Amino acid sequence: MKPIPDSADTLIHPGWIIPVIPENKWFIGHSLAIKENRIVAVLPRDEAAGIQAKQTLELPNHALLPGLINAHGHTAMSLLRGYADDQPLVPWLEQHIWPAEANHVSAEFVRDGAELAIAEMIRAGTTTFSDMYFFPDICAQVASDVGMRCQITFPVLDFPTVWAQHADEYIRKGLALRDDVKHNDLITVGFGPHSTYTVSQASLAKVATLAAELDIAVHIHLHETPSEVQEAITRNSERPLNSLHKLGLLGPKTQCVHMTELVDDDIALLAATGAHVIHCPQSNMKLASGGCPVAKLKKAGINVALGTDGAASNNDLNLFGEMQSAAMLAKLLSQDATVITAGEALAMATINGARALGIDEQVGSLETGKLADIIAVDLSQPETLPLYNPLSQLVYATNGSQVSHNWIDGKLVMQDRQFTGIDSGALAARIQHWQQKIGANPKDEDLCQPL
Ligand SMILES: [Zn+2]
């Protein structure tokens with residue numbers, strides 16, 4: 001039994017505590033204590049009576065759960081939310097997104113887009129996100145200023161962009177960022193080679209060597225569509241996953257994003273190497289890319305985390321929607337309603353995300369000694385009544401707007417739905433400026449004409 005602390009900064013008495021570890025369980029009549037940036041006790045309320053707390057919070061209608069972990073996204077792309085929809089991946093990228101990025105991406109674009117994304121994620125209960133985008137130093141700075149935990153994966157590409165000219169420059173700038181933030185406890189930095197179709201094997205080999213030497217994460221879009229895999233077979237006579245394996249890029253620090261197009265040998269290779277899968281169900285469905293076979297991955301013991309992808313292909317950054325979609329898509333694809341439970345979907349958005357990002361000893365569950373990344377969700381509103389099972393309500397009936405409090409590293413970043421570190425009025429004004437600058441240019445026939 002763990003000793004009960006004498007004092008705490010915050011003592012919370014919620015209706016339910018969903019610890020995630022153990023999975024599929026919840027505590028009623030329990031309390032949670034936070035001291036500095038850590039959870040110092042999860043215990044029955046009567047045993048918490050002796051804890052002297054600076055602040056006590058009664059949340060009888062709320063569930064307390066670990067903050068959600070968005071394991072894949074491109075925060076600055078929030079400025080392109082709704083800019084181009086209803087297209088398949090390749091024309092969507094080539095005809096709309098890449099030209100818009102070529103015209104508009106800058107340090108200021110990334111600063112404002114990242115802040116918009118972070119604001120949205122905090123409101124929907126996310127406490128950690130992973131990012132892959134240009135000017136990663138700017139995103140890291142915004143996250144640090146707001147107090148949000150993140151994994152920044154710096155892009156590696158073979159073609160010039162506004163941020164770097166060639167693969168060596170992307171890598172040099174990314175590793176310089178890693179040095180700059182090494183004392184910042186909220187931020188980790190990894191490699192973000194975009195994909196095997198935008199990064200040459202020679203550049204991927206450099207990433208493999210450096211990532212092994214530095215023992216840091218590699219985060220890559222992989223097997224997103226059938227055509228990506230087919231074209232790689234034509235080009236290299238092998239599947240992208242096999243190319244990565246040959247290059248030494250598959251291991252417990254590899255985060256494979258999407259993975260919709262998988263055969264049994266791919267799944268066996270993922271299991272043998274300990275690589276993680278980041279499943280982005282809504283982005284995959286919207287772009288009609290395919291569906292990640294989560295049930296088969298689970299059976300093979302592969303860790304599957306959840307990501308939203310960028311807001312341009314989702315179009316929100318809400319992991320509650322992603323949990324629901326992941327559970328439902330897994331059931332549909334496997335034609336088996338039992339394959340993913342609500343508790344397993346919540347684990348995908350919390351502890352599995354922490355495992356994929358290599359921070360599961362610190363976050364991802366509500367356990368004594370872990371960092372205090374916690375959210376409170378109000379389950380007393382019509383959307384979540386009646387309440388037979390809080391896990392069911394959280395995964396199948398909560399839309400994110402019921403998140404009332406969000407603590408990251410022991411600090412409240414949202415209290416009663418009010419930000420503590422973001423000026424939402426000023427942010428909205430800057431986003432309005434970008435909206436006018438980027439301009440969606442609706443076609444005349446899309447506009448309603450007065451009768
Ligand atoms: Zn992506």
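These legends go with a set of close-up views of one predicted model.

**About the model.** Numbering starts from 1 in each chain and follows the sequence as written. Since the model is predicted, local features are taken at pLDDT of at least 70 and side-chain atom pairs at pLDDT 80 or more, while totals for chains, interfaces and linings use all residues.

View 1. Helices (H or I, at least four residues) and strands (E, at least two) are DSSP runs, numbered from the N terminus. Along the principal axes, the C-alpha atoms fill a box of roughly 65 × 60 × 45 Å. Buried residues account for 52% of the 451; buried means 20 or more other C-beta atoms within 10 Å of the residue's own, with C-beta atoms placed from the backbone. Of the contacts between residues at least 6 apart in sequence, 74% link residues at least 24 apart. A contact needs C-beta atoms, placed from the backbone, within 7 Å of each other.

**View 2. Where domain 1 touches domain 2.** Domain 1 covers 7-66 + 370-419 and domain 2 covers 68-356, with bounds from an automatic or database domain assignment. Their C-alpha centres sit 29 Å apart. The contact uses 24 residues from domain 1 and 25 residues from domain 2. On the domain 1 side, at least two residues each come from strand E14 (374-378), helix H14 (390-396), strand E15 (403-408) and strand E16 (411-415). H14 gives the most, with 5 residues. By class, this side has 14 nonpolar, 6 polar and 4 charged residues. Ala, Val, Leu, Ile, Met, Phe, Trp, Tyr, Cys and Pro count as nonpolar, Asp, Glu, Lys and Arg as charged, and the others, Gly among them, as polar.

**View 3. Helix H2, residues 107-123.** H2 is largely enclosed by the rest of the structure, because 13 of its 17 residues are buried. After H2 comes Gly 125, with a positive phi near 90 degrees.

**View 4. Helix H3 and its cover.** H3 (residues 136-146) is mostly covered, with 8 of 11 residues buried, including Ile 138, Cys 139 and Val 142. Its buried residues are covered by elements including H2, E7, E8, helix H4 (167-180), strand E9 (187-193) and E16. Just past H3, Gly 147 has a positive phi of about 95 degrees.

**View 5. Strand E8 beside E7.** In E8 (residues 149-156), 8 of the 8 residues are buried, so the strand is largely enclosed by the rest of the structure. E7 (residues 126-132) runs parallel to E8, joined by 5 bridges; strands pair when DSSP finds at least two bridges between them. Met 132 stands opposite Thr 153 in E8.

**View 6. Strand E11 with E10 and E12.** E11 (residues 254-258) has 5 of its 5 residues buried, so it too is largely enclosed by the rest of the structure. E10 (residues 218-222) joins E11 in parallel through 5 bridges, with His 219 partnered by Gln 255. E12 (residues 276-279) also pairs with E11 in the parallel sense, over 3 bridges. There, Gln 255 has His 276 as its bridge partner.

Definitions and conventions: The expected span of a helix is 1.5 Å times one less than its number of residues. A residue is buried if 20 or more other C-beta atoms lie within 10 Å of its own, exposed if 12 or fewer, and partly exposed in between; C-beta atoms are placed from the backbone. Two residues are in contact if their C-beta atoms, placed from the backbone, lie within 7 Å.
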